[in-house]
Amino acid sequence: MKNLSTVLSSLSLALAGAALALPVPQAEAATTAQKQQVRKAKPASRSPRKASVVPAIAAKPSFGQLYGLHAVDDPLDLASSVALVMDQDTDEVLFSKNPQAVLPIASITKLMTALLVVEANQPLDEKITITDEDKDTEKFTGSRLAVGTTLSRGELLHLALMSSENRAAHALGRNYPGGLDVFVTAMNAKAKELGMLDTHYVEPTGLSSRNQSSAKDLAALVKVAHEVPLLREFSTSKEAKVQVGRRQMAFHSTNGLVRSGSWDIGLQKTGFINEAGKCLVMQAQLAGRKLIMVFLDSTGKYARIGDAERVRKWLSGNPAAAAAVTQTKLGG
């Protein structure tokens, strides 16, 4: 019996070994090979699909474009639909184009905001914290000043003028004696005091297209603002660094002419929203004169800078032009 058991056991082991040595059935072998190929093979290239056609969305026209102001010709072929060049000392108008047209002024608004903050004599070293109230609910733009950022009033004023920081300007208005509503009322009262009868403000940043003015009104504002040393300093600095939490952040001027250093600029402010186009106001010395320059509703990224250069070339290259008065009015 032992020999028979031993024989059967040996036979079973032999059969098992033979079974392991048998070739894998063809179907199973194919499946295994396919699996290996799937693991190793690269995804098959697909024939390119036809790109879906997305209709182009036309840029929102500015108010100046809607009003047809760009159709008005001018001798300098400016890209701005509204322009004014005025002697600061004599109020003589050297060049004008649609000077009484009332348009949105975007961040040129911040010049009035800054003027009121300085005239209120509030402490410039007082700390102000950016809150949710300072977020842009008009255009929903972002900001480098996160909610919770705390800076001094002077730093916020600097960033509002130099870098056109919207949250900085809003926080300044919000912290005015009496609050934001009182501040906006004061903005309009100041405009009336300065004879800016075409001007109306609804908020301190310029994000609202309901902040509107004319070139002649803004020239009056620039003339008054230029009398304030702090506004001259802050608006014409190239950069500033502020401590935000544990980080030091650098901010820069929005005006390429300031950054280039090729102009003698005493005060400036830029602005842009779609409804206003590119805007620029400046006090600068050209052709031996102190001039106030206003450019509104300029089309193109660098167009307002180009317009300023055209005026400089016109004045510098033609001394007689500096004494000429060009009047190009709306509809004429």
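## Salt bridges and cores in a predicted model

User: Which residue forms a salt bridge with Arg-289, and how far apart are the closest N and O atoms?

Analyst: Arg-289 pairs with Asp-87, and their closest N and O atoms are 2.8 Å apart. A salt bridge here is a side-chain nitrogen of Lys or Arg within 4 Å of a carboxyl oxygen of Asp or Glu. The partners come from distant parts of the chain: Arg-289 from strand E11 (289-298), Asp-87 from strand E1 (80-87), 202 residues apart. Strands (E, at least two residues) and helices (H or I, at least four) are DSSP runs, numbered from the N terminus.

User: What should I know about the model?

Analyst: This is a predicted model: local features need pLDDT of at least 70, side-chain atom pairs count only at pLDDT 80 or more, and totals for chains, interfaces and linings use all residues. Residues are numbered from 1 along each chain as its sequence is written, and side-chain values use heavy atoms, with hydrogens and water left out.

User: Back to that pair. Is Asp-87 buried or exposed?

Analyst: Asp-87 is buried, at 5% relative accessibility. Arg-289 is buried too, at 17%. Buried means under 20% relative accessible area, exposed over 50%, partly exposed in between (1.4 Å probe, protein chains only).

User: How many salt bridges does a search of the whole structure find?

Analyst: The search finds 15. One of them joins Asp-91 to Lys-223, with the closest N and O atoms 2.7 Å apart. Asp-91 sits in the loop between E1 and strand E2 (93-97), Lys-223 in helix H8 (215-225), so the pair ties together parts 132 residues apart in sequence. Asp-91 is partly exposed at 41%, and Lys-223 is partly exposed at 25%.

User: And what does Arg-174 pair with?

Analyst: Arg-174 bridges to Asp-134, closest N and O atoms 2.7 Å apart. Both residues are buried. Shared partners also join Lys-60, Lys-139 and Glu-275 into one salt-bridge network.

User: New topic. Which residues have the most contacts inside the largest nonpolar core?

Analyst: Met-112 and Leu-156, in a core of 59 residues. A nonpolar core is a set of buried Ala, Val, Leu, Ile, Met, Phe, Trp, Tyr and Cys residues joined through side-chain atoms within 4.5 Å.

User: What is Met-112 in contact with, neighbours within four places aside?

Analyst: Met-187, Lys-190, Ala-191, Met-196, Tyr-201 and Leu-221. Contact means heavy atoms within 4.5 Å. A second, separate core has 22 residues, among them Ala-284 and Ile-305.

User: How many helices and strands are in the chain?

Analyst: There are 11 helices and 12 strands. Of the 332 residues, 47% are buried.
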